[in-house]
Each structure stands twice: as C-alpha cells, then as structure tokens.
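Here is a walk through one structure, taken element by element. Keep the sequence and the model side by side while reading.

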Amino acid sequence: MIQASLALVCLFISAEAQRGVRGQIFLPNGAPLQRQVRFTLTTENGMRTEIFFTDSNGRIAMPPVSSRYTITVESDGESYDTTAVSFDPVVAGQYITVHLRPLKPKSPQPAGIIDANDVDRSVTPKAKEAYDAAVKSLETNQYEQAIEMLKQAIALQPRYFHAYNDLGVVYMKMNRLDEAADALRHAIKINDRIHLPQLNLGIVLNRQGKYREAAEILTKLQNSEPDRAEIHAPLVEALIGAQMWNEAEEEIKRAMAARGADETDLKIKMGMVLMRQSKFAAATVVLREAVKAEPDSALAHFNLGAALLQTGNLDEAEANLLRAYEIKGAGMPGAQLMLGQLYFQKKDYPKAIQAFETYLRDLPDAPNASQVKEAIQKLKQASEKQ
C-alpha cells in the first residue's frame with residue numbers, strides 16, 4: 001500500500017526529444033549561455049527531483065511537467081551565481097527562459113565548513129577532464145563508462161563533490177543500491193549543506209527497506225530546509241515503513257499544506273496511518289474525501305472499505321470493497337479477503353466462502369493461504385448445518 005519512492009533522480013534528457021518543456025538559459029549580461037551546464041528540476045508536489053543537462057548552447061529540453069516546478073542552476077563561481085526560478089506550467093507554457101543571477105562577492109566561510117563550489121573549482125585539470133567525459137557518457141546512456149570516468153575523477157580528486165553525487169545517482173538508476181548509498185554518503189561528508197545527496201540517500205534507504213535510517217536522515221534534512229516540498233514524499237514513505245505512525249500523521253499534515261500537494265494520495269495515506277492507530281472513525285472521514293476526489297481510485301475505496309468494516313458499517317464497507325475489486329480486479333486481492341471477513345460477520349457463509357476462494361485464486365501464494373483454506377473448510381461445515 002505504500003507508494004514507491006517518487007523522487008528518483010535522472011541525469012539526462014535527450015536534446016532530440018520532440019515533446020516536453022523547451023527553453024534557454026541566459027547569462028547575467030543577457031547573452032545566451034554558450035556551453036553545457038547541469039540544472040535541477042524539482043516539483044513543488046514532491047513527485048520529482050531530477051538532474052538534467054543543457055546542450056552545448058545552454059538550451060533546455062525536458063519531458064512534460066504538469067505541476068509547478070523550480071529550475072536551479074548552481075553557480076560556476078566565475079560568471080554567475082546560483083539561480084533558482086519557479087514556473088507554473090499553466091502560465092509559462094512549454095517554453096521557458098532562465099536568466100542567471102550576477103555573481104555576488106564571496107563572503108568568508110565559517111571555520112570547518114567546506115563549500116562545494118570551492119572544492120569543485122580547485123580540482124585538477126585531469127580530474128575535471130574525467131568528470132566531463134563522464135557527463136558525455138551519461139548523455140548517451142553509457143552508464144558503465146560513466147561510472148569508470150567518475151571513479152577516475154575521484155581517484156584524482158578525492159574530495160570531488162559532484163563526482164561522488166553523480167556516481168550515486170548513476171548507481172541509483174542501475175539499482176545498485178549499496179554502491180549508491182556509499183557514494184552519496186561520501187558526497188554528504190564533503191558538503192552536508194547541499195540537500196540533493198541527502199534526499200537521494202533517503203530514497204535509496206527506502207528502496208533498501210531501511211526505513212528508520214531514511215526517516216532519520218530525511219527528518220534532519222527537512223528541519224534544515226523546511227520549504228523543500230520534494231522531501232515530503234520520501235519522508236512519508238520512510239515514516240510509514242518504519243511504523244512511526246504519530247510522526248507519519250504529522251508529516252502528512254505538513255505535506256498537505258505544501259503548494260501543489262497531491263491531496264488525494266496523501267489522504268489515502270492518512271487514512272491508512274489513522275487505521276494503524278485504531279482511529280477508524282477519523283480514517284473514514286478522510287478516506288471519504290479521497291473517494292469523492294478520485295472515484296476511480298481502487299486504493300481509496302479499499303482503505304475506506306477496511307475502515308468502515310472496523311466501525312461496523314458493513315453495507316457501505318461492502319459497496320466500497322466491491323468497487324475496489326471492480327476497478328482493479330485480481331490486482332486488488334485484499335478486497336476479497338476483506339469481503340470474506342465482512343460476509344462472515346453478516347453470517348452469509350456462501351458469499352464468504354466465494355470471497356475467500358477468489359482471494360486464493362488471485363493470490364495463490366498468499367502468506368496466510370493455509371489459514372484462509374482452514375476458514376473455508378469451517379465455513380462449509382457451518383453452511384451444511386444451516
């Protein structure tokens with residue numbers, strides 16, 4: 001029932017793609033950027049955090065974006081400052097422009113704090129050459145080659161922040177999660193004030209099932225950067241996975257307050273979290289809202305049916321569970337399991353038997369298959385006595 005991690009990071013998009021968002025990046029003096037740069041796309045609903053590259057003329061090419069989003073270009077330390085620009089696709093349309101901010105005079109860093117741009121500006125020419133070669137490989141989907149070049153860059157420059165971060169992202173894309181976590185931890189050690197490696201590490205840990213560790217990292221990140229909406233989705237997943245129900249409830253409330261939030265999805269999750277805390281009446285309220293907003297959501301109907309079953313509202317629970325199964329069919333076997341329990345409470349044993357048998361047909365390897373088979377036998381015996 002927990003949606004998989006939503007904020008996976010992408011490293012490239014083909015400049016030859018014919019659909020999506022297009023645009024141009026301009027220097028502070030108004031001239032078009034005449035080189036390739038990396039930029040980060042983040043959506044305010046927390047569904048996407050992706051890294052892209054422009055072409056060699058600073059042109060942007062991205063897939064379609066349906067919700068409000070922000071483009072961030074990190075400073076090159078020479079001609080422009082870090083720039084973040086937000087866009088509403090309804091207003092901005094499919095063509096955008098990003099005008100880079102003038103470079104500000106650099107203020108001295110507190111003792112012990114390392115700036116990523118300082119580190120990456122001080123890399124040796126050979127390390128930078130290896131990193132640039134890795135970027136070229138990523139643009140053509142040559143991941144193994146990119147990994148080797150990033151490793152070479154790190155060997156030449158052990159504190160190469162962007163090389164470690166990008167290495168972690170490539171490993172994420174290849175589902176090599178242990179290696180991804182290791183690379184991202186190195187990036188965080190170099191500079192723990194940049195959010196992206198921490199966000200990605202939280203996502204990796206979620207995918208590894210290390211929910212408590214993910215929750216700890218993402219909670220700390222959110223405390224330091226409370227306005228970053230993209231943290232909400234993986235943090236909610238981590239807290240639910242860790243069965244930290246009170247914390248998950250509070251985090252879902254914060255996520256709902258963020259601009260562009262997917263309220264229906266969050267209400268479904270809230271209903272589940274409330275049920276885990278035995279707050280069934282409250283769960284039915286929020287899940288009814290989810291069903292009203294998205295009447296074709298099988299998960300919303302299923303969770304509402306489960307909550308209503310617990311409150312004793314059997315007729316409405318039956319209607320919602322049947323609707324969930326109608327929408328999803330064998331992809332929602334739990335609806336039949338719930339219906340079997342509901343019909344048992346109604347003492348309609350033939351229907352209970354039918355529901356349990358359908359559950360086993362849809363999910364023959366169910367972990368509770370032996371118990372369900374035993375229940376079917378007892379129901380058949382009870383039906384014969386009626």
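Helix 16 covers residues 349-362, 14 residues in total, and reaches 20 Å from its first C-alpha to its last, close to the 20 Å expected at 1.5 Å a residue. The model is a predicted one. Several residues of helix 16 are buried, among them Tyr349, Ile353, Phe356, Tyr359 and Leu360. The buried list also includes Thr358 and Asp362. What lies over these buried residues includes helix 14 (314-328), helix 15 (333-345) and helix 17 (369-385).

Strand 1, residues 21-26, is another enclosed element. Five of its six residues are buried, so the rest of the structure largely encloses strand 1. Strand 1 is joined to strand 4 (residues 59-62) by four bridges, and the two run antiparallel. In this pairing, valine 21 stands opposite methionine 62 of strand 4. Strand 1 is also joined to strand 7 (residues 95-99), here by five bridges and in parallel. There, isoleucine 25 has valine 98 of strand 7 as its bridge partner.

Aromatic rings come next. The structure holds four aromatic pairs. In one of them, phenylalanine 39 and phenylalanine 52 have ring centres 5.8 Å apart and planes at 40°, so the pair is tilted. This pair links distant parts of the chain, since phenylalanine 39 belongs to strand 2 (residues 38-43) and phenylalanine 52 to strand 3 (residues 49-53), 13 residues apart. Phenylalanine 39 and phenylalanine 52 are both buried.

Charged side chains form the last topic. The whole structure contains 22 salt bridges. One of them joins glutamate 179 to arginine 176, with the closest N and O atoms 2.8 Å apart. Glutamate 179 counts as partly exposed because its relative accessibility is 31%, and arginine 176 is partly exposed at 24%.

With glutamate 249, its closest N and O atoms are 3.6 Å apart; with glutamate 250, the closest N and O atoms are 3.5 Å apart. Lysine 253 and glutamate 249 are four residues apart in helix 10 (residues 245-257), so about one helical turn separates them. Glutamate 250 also lies in helix 10, three residues from lysine 253, about one turn of the helix. Glutamate 249 has 9% relative accessibility and therefore counts as buried. Lysine 253, at 42%, is partly exposed, and glutamate 250, at 38%, is partly exposed. Glu249, Glu250 and Lys253 are linked with Lys279 in a network of salt bridges.

Terms used:
Residues numbered from 1 in each chain as written. Predicted model: local features only at pLDDT ≥ 70, side-chain atom pairs only at ≥ 80, totals over all residues. Heavy atoms only, no water. Buried < 20%, exposed > 50% of the residue type's maximum accessible area, 1.4 Å probe, protein only. Pairing = 2+ DSSP bridges. Phe/Tyr/Trp six-rings, centres within 6.5 Å; stacked < 30°, edge-to-face > 60°. Expected span 1.5 Å × (residues − 1). Contact = heavy atoms within 4.5 Å. Salt bridge = Lys/Arg side-chain N within 4 Å of Asp/Glu carboxyl O.
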